[in-house]
Amino acid sequence: MSIKPSLSKGTRDFGPEQFVRRQYIIDTIKNAFELFGFQPLETPAIEKLSTLTGKYGDEGDQLLFKILRSGDYLKKVSDELLASRDVKSILPFISERGLRYDLTVPFARYVVMNQDKISFPFKRYQIQTVWRADRPQKGRYQEFYQCDADIIGSDSLLNEAELIQIIQKVYRELKIDGIEIKLNNRKILQGIAEEIGAGDNFTELTIAIDKLDKIGIDKVVDELLGRGLDQNSVDQLKTFLTFNGSITETLEFLENKLVNSEIGKKGIEEMKSLFSYLGETEKIKLDITLARGLSYYTGTIIEVVPLGTDMKSSINGGGRYDDLTGVFGMPNLSGVGFSFGLDRIYDIMLELDLFNDIDLNQSKLLFINFDENCQNYTYKILGKLREKGIKAEIYPSPTNKVKMKKQMKYANDRKFPFVVITGSDEMDSGLLSLKNMATGEQEKVTVEELLLRLG
RNA sequence: GUGGGUAUAGCUCAGUUGGUUAGAGCGCCGGGUUGUGGUCUCGGAGGUCGCCGGUUCAACUCCGGUUAUUCACCCCA
């Protein structure tokens with residue numbers, strides 16, 4: 001009886017080829033982060049549930065992977081509580097820890113815990129796995145990488161501009177041309193909400209208008225009416241959502257519209273100075289329908305979507321938060337950060353066939369193993385190759401155990417460019433038979449020639 | 001949480017209106033080639049058709065349930 005091997009849903013293996021490709025993306029992102037002066041940070045996969053819960057909204061809390069306590073944890077649960085079947089009340093007895101849901105909240109925890117050692121503004125990057133217990137689908141996994149960069153302790157909009165430069169640099173190096181960087185500012189959204197008299201329904205408003213490009217204006221209107229906004233507010237909102245123009249035109253339009261909202265004016269000012277740093281380019285859009293769900297954003301919001309692929313989801317997301325560390329007892333620390341979605345970038349590069357020229361960095365040479373004499377003889381030569389930094393291997397079993405035909409097949413499957421065949425003739429003459437696996441040609445060479453040839 | 005698809009050999013999948021011995025390609029093992037891979041050729045192993053139940057003389061096939069997985073919605077990287 002054997003168990004059928006299978007993966008848990010929403011997870012993937014990464015074989016040697018996939019690993020190398022993913023590492024290539026990671027290295028590109030990491031180099032860009034370091035070029036801009038970000039410092040690395042690694043935090044545990046496991047965090048206390050008290051650190052994680054309440055930071056991502058109710059939906060987010062539902063999606064946290066929780067870790068069962070050890071021991072007979074049910075002993076402490078009273079019969080009444082068990083009988084109530086109320087998960088929320090029972091949860092603290094059965095779980096106190098969970099897997100991190102993103103890298104931003106652990107970062108906030110770290111900053112607060114280490115504030116005495118950190119010089120602000122603190123720029124850190126973090127490339128690690130995160131876990132979410134949601135239903136998997138295309139481009140969406142339960143275990144995936146985030147590549148985060150955040151600057152905390154500075155409210156300058158120059159930071160936003162730097163992050164956007166990093167995004168541009170990374171996609172340029174990965175040769176992904178079709179991207180669109182969408183920018184907006186939560187303060188502008190809040191201004192709109194105030195202006196149309198829906199300031200109390202801000203969250204509902206953002207969730208609904210975030211769907212605009214997916215479901216269209218009519219359905220957004222329906223949804224908002226359903227969520228308790230009045231007809232008048234929705235009609236006014238329509239004029240905002242249907243406006244079309246260049247960045248300067250949009251900002252002018254907003255300036256004329258948001259005359260009564262202090263926060264709205266602030267948002268417009270922020271966007272103006274950000275665009276003065278960035279300049280207008282095709283790939284950067286001011287999109288007042290961009291809202292983003294994560295509740296901790298308070299200023300600039302950033303999202304990057306790929307163009308010309310099946311992938312519809314965003315590949316970067318981020319924004320400014322004024323009070324991320326407040327819940328951990330360190331208020332008024334403004335920060336801005338964003339994240340690359342490694343797994344989705346990988347999927348896109350696969351779809352666009354951008355992985356052609358990546359070197360698998362494999363061994364150059366395999367020594368065929370005839371018998372113990374041959375093994376001893378070639379093992380010394382193998383050592384010399386490795387001293388020179390030449391990647392080479394010897395087949396671990398002799399031909400009386402694994403036939404030469406099979407050793408050759410192994411060399412072929414593993415794509416060794418060369419094999420060396422060393423029988424008694426070769427050992428007597430001191431010349432090795434070097435076979436080129438691509439051409440099939442075979443010649444006799446000395447050890448010195450071999451070193452030169454592969455070096 | 002809601003809705004759809006899929007489940008047959010190690011892998012990717014065929015399988016006719018229900019019918020007698022369930023197939024292919026790839027992979028694996030062996031031979032042609034006792035010191036030569038990739039190509040070619042011959043042969044071989046490998047399947048309680050996801051699981052439980054029902055209909056039927058007869059079920060891989062139809063029906064119900066269940067589990068897993070996948071896609072879409074919600075939400076999100």
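The surface near RNA strand B (a residue counts as near if one of its heavy atoms lies within 4 Å of the strand) draws at least two residues from each of β6 (143-152), α16 (404-413) and α17 in this predicted model. Helices here are DSSP runs of H or I with at least four residues, and strands are runs of E with at least two, numbered from the N terminus. Helix α16 gives the most, with 6 residues.

Of the 41 residues around RNA strand B, those that come nearest are Arg-132, Arg-135, Arg-140, Ser-314 and Met-437. A side-chain N or O atom of Arg-135 is 2.2 Å from a base oxygen of RNA strand B, and one of Arg-344 is 3.1 Å from a base oxygen. For Ser-314, the partner is a sugar or linking oxygen, at 2.5 Å.

Gly-389, which follows α15, has a positive phi near 80 degrees.

Residues are numbered from 1 along each chain as its sequence is written, and chains are lettered from A and ligands numbered from 1 in the order in which they are written. Local features need pLDDT of at least 70, side-chain atom pairs count only at pLDDT 80 or more, totals for chains, interfaces and linings use all residues, and side-chain values use heavy atoms, leaving out hydrogens and water.

Note on methods: A polar contact is a pair of N or O atoms within 3.5 Å; within protein, one must be able to donate a hydrogen and the other to accept it, and residues adjacent in sequence count only if both atoms are side-chain atoms.
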